[in-house]
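Please open the structure in your viewer and keep the selection panel at hand.

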Amino acid sequence: MRGAWRPTAALVNAVVVVALAGCSAAADVTAEELSAVVERDGVAFDSSSVPDGVLRRLSEYKVVLLGETHHLREHWAFVATLMSDLHDDGFRQLLIEAPQMAGWLLDDYVQGGPLFPEWEAPPFYERRLSAIRAFNETLAPSERLHVRGIDANEEWYGGASDFQLLFGWLIDRLPPSEEVDVSLGEDYATATPAAQIEAIEALLISLEADRSNLVESWGGDWYDQVVEMAEVELASIDVRAQRREDDNDGARAREAVIKQLVDDRVAECSCSTVINIGGHHAQKSHLMGTEQEWMGDYLTHKSVVVGGSIIVVGFSSAETELEEGAGGTPWDILESESPDNELLRVVAETWPGRTVFLPLDDLLFNERTVAYNSEDVIYVASLKEQYDAIIQYGLAHRMPED
């Protein structure tokens, strides 16, 4: 992400699906057919290590895209285990659904640095990234895993206020510049979008004008990091404004930022990459009934950087309990609206209490329609259009969101 940065335009690649509440009459694969495939192809394990066969399958690709259900403790333990197990295969980078403005701080944390207590988000990220930090402690610095945020600076991440805070912390840790003022005004967070755009554009002009001196003082990587923070914040101002006017347009603008950041991260790293993001973003097509092109769709079919070398894995939990302070409601696929021939119910019944990896290789997932339960909305689709495999936890625990 160098030079004048603007998000890639979102392109539409529609797929016809049927969404039915509590009914799967349109699904033409029976429970008996699914059960036979799940029993034959499913790989059950306990999540403390990833089976060698699964690792071999994933390690063939430049990008492993994980579409998670948010805030599950078991999922973040699995991600850390997966990153350590794939380390020998050249995986060095984890991209997560976190704001780009925090990317430098999160990476610093997994390299052994602190998370500033003045920032309200540290407990959230410590719970999710502490295992990767511990794994990095066993490695030489050149072999360590890196973590990057790939989301726009949305309001729910703190928006302009947290950007001003995190940008200021980064500038404070760099050698001071005598030639150019790279700070933001005290009123940036409360300014109008137009004034914020003016401030960021002026900052970018200053950074470019004094590029040679700043690169000499900071080093090229840190200079690029500062410039990228400003460029993504400039795009995020537009995302935040569109959210207020038209949330659908804002969502598309956000997705464009994510796509561009992922492309840049994959291009810059001479390594393989794991991306962890919400299950909607990870889809290769439009299972959830939206009109926008999701990030998984773009990376699978259009990204020149990824070049089709990607495997997309969707995640679910057969049963979910809530930790103290966690939001949402408990979940049990066997007590849900899933009919007998719904895939996740069949997985839970075939492998009760186990974590299961199920490749969607059988032709029935590609040539016929399968019912798939997403929070009691039953989607009917050729599921291979959405994911290459699924993983379902037998039991997971939802963590607090703060």
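Two terms are needed for the opening stop: contact means heavy atoms within 4.5 Å, and helices are DSSP runs of H or I with at least four residues, numbered from the N terminus. Please keep in mind that this is a predicted model.

**Stop: helix α6**

Select residues 159-173, which form helix α6. The helix has 15 residues and reaches 22 Å from its first C-alpha to its last, close to the 21 Å expected at 1.5 Å a residue. Now colour its buried residues, among them Phe163, Leu166, Phe167, Trp169 and Leu170. Asp162 and Gln164 also belong to the buried residues of α6.

**Stop: the nonpolar cores**

Next, select Trp119, Tyr125, Leu129 and Leu207. Within the largest nonpolar core, of 71 residues, these four touch the most other members. Apart from that core lies another, of 44 residues, including Val63, Ile258, Leu261 and Leu344.

**Stop: Tyr125 and its surroundings**

Return to Tyr125. Is this residue buried or exposed? Its relative accessible area is 5%, so Tyr125 is buried. Neighbours within four places in sequence aside, Tyr125 is in contact with Ala98, Pro99, Leu106, Leu115, Trp119, Ser130 and Tyr157.

**Stop: aromatic rings**

The structure holds 12 aromatic pairs. One of them joins Phe124 and Tyr125 in an edge-to-face arrangement, with 4.9 Å centre to centre and 80 degrees between the planes. Phe124 counts as buried because its relative accessible area is 17%, and the cut-off for buried is under 20%. Then select Phe45, Phe78, Phe315 and Tyr393, which ring pairs link into a cluster.

**Stop: His397**

Finally, select residues 396-398, strand β14, in which His397 lies. Why does His397 count as buried? The reason is its relative accessibility of 17%. With which side chain does the side chain of His397 make a polar contact? The partner is the side chain of Glu321, at 3.4 Å. Show as well His71, Leu72, Arg73, Glu74 and Glu323: together with Glu321, they are in contact with His397 when neighbours within four places in sequence are left aside.

How values were computed
Residues numbered from 1 in each chain as written. Predicted model: local features only at pLDDT ≥ 70, side-chain atom pairs only at ≥ 80, totals over all residues. Heavy atoms only, no water. Helix = DSSP H or I, 4+ residues; strand = E, 2+ residues; numbered from the N terminus. Expected span 1.5 Å × (residues − 1). Buried < 20%, exposed > 50% of the residue type's maximum accessible area, 1.4 Å probe, protein only. Core = buried A, V, L, I, M, F, W, Y, C linked by side-chain atoms within 4.5 Å. Polar contact = N/O pair within 3.5 Å; in protein donor to acceptor, adjacent residues only side chain to side chain. Phe/Tyr/Trp six-rings, centres within 6.5 Å; stacked < 30°, edge-to-face > 60°.
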